[in-house]
Amino acid sequence: MVYEGVIYRPPSEADSLLVQVTIGCSWNKCTFCSMYKEKQYRIRSMEEIMADLREAERYRGRFRRIFLCDGDALALPTSFLAKILEDIAQRFPGIDGVRVYASARDVLQKGTEDMRTLGGLGLDMAYIGLESGSDKVLSAVNKGITKQEMIDAAAVLRNAGIKQSISVISGLGGEELSEEHILETADALNKMQPEYLGLLVLHEGEDVGLYYVNEEKGLRVPSSRQVLTEMRLLVERLELENCFFTSAHVSNYFYVKGRLSREKQKILAQIDSVYSELR
Ligand code: SF4
């Protein structure tokens, strides 16, 4: 397998085969994100990708899923991605699914029909950074998308039968927009109804490889109190029917997880317990 530069994948894809189909992120402009700043975006050639998949056959049986890297594999043309998925289905029959990082922009550009085609070929989940439901925050961090577009993209995925794993970043609105950030985020998520929700925390330095503080762009590390307050308010406001919530990402101060429809009170009690230790 050939990998170029640092490779990122969601915590839940730790056991998946990682196949790099693009280098970097086609957007690469979010002020808080350091993941692909060193990479010039390009699509790997079909020959390179096929060579990796051929080589991966020797590891057959040692992974249940395949994750297509880098930052937004859905930026690939539908026919190109379909060819990769067809090849995967032939070489690795019986795997549980293929997953990607995706931007809502790519989902909307593809539309329901293309997404349904990709879903039918094995793409079973898209990891999308909502980051915030507040348009003020999204604009400030140059996410290049609005709350409504995020909600629309979620509807496309749902109609195409593709699961959504959504991430949100605590601290992204600073202290001034903290409440608006969380209330608008909860509202967006309640309309999106993702199957998975991951909380991340704006972090100092690039050691977690992902979200980092950028003083020049007005991003500062939130205090632990702010993070816990935001986490509590978010969980309290969420009305998600079938969503597994986790703070498993390495940027978090503590780990909590649970199915929101039946474990919300348990999660809130855990947050309260950590908060009480801060007093
Ligand atoms: S957060 Fe996602 S869309 Fe934004 S620059 Fe990073 S990888 Fe690209």
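**Terms and model**

A residue counts as buried under 20% relative accessible area, as exposed over 50%, and as partly exposed in between, using a 1.4 Å probe and protein chains only. This is a predicted model, in which local features need pLDDT of at least 70 and side-chain atom pairs count only at pLDDT 80 or more, while totals for chains, interfaces and linings use all residues. Residues are numbered from 1 along each chain as its sequence is written, and side-chain values use heavy atoms, without hydrogens and water.

Let's start with Glu 131 and Lys 143, which are both buried. Their side chains form a salt bridge at 2.8 Å, N to O (a side-chain nitrogen of Lys or Arg within 4 Å of a carboxyl oxygen of Asp or Glu). Lys 143 also belongs to the ligand's surroundings, along with residues including Cys 25, Cys 30 and Cys 33 (a heavy atom within 4 Å counts as near).

**Other salt bridges**

The structure holds 19 salt bridges. In one of them, Arg 65 pairs with Glu 13, with the closest N and O atoms 3.1 Å apart. Glu 13 is buried, at a relative accessible area of 0%. Shared partners join Glu 13, Arg 65, Arg 99, Asp 124 and Lys 163 into one network.

For a contrast in setting, look at Arg 60 and Glu 57, whose closest N and O atoms are 2.8 Å apart in a salt bridge. Arg 60 is partly exposed at 48%, and Glu 57 is partly exposed at 28%.

**The whole chain**

Of the 279 residues in the protein chain, 54% count as buried.
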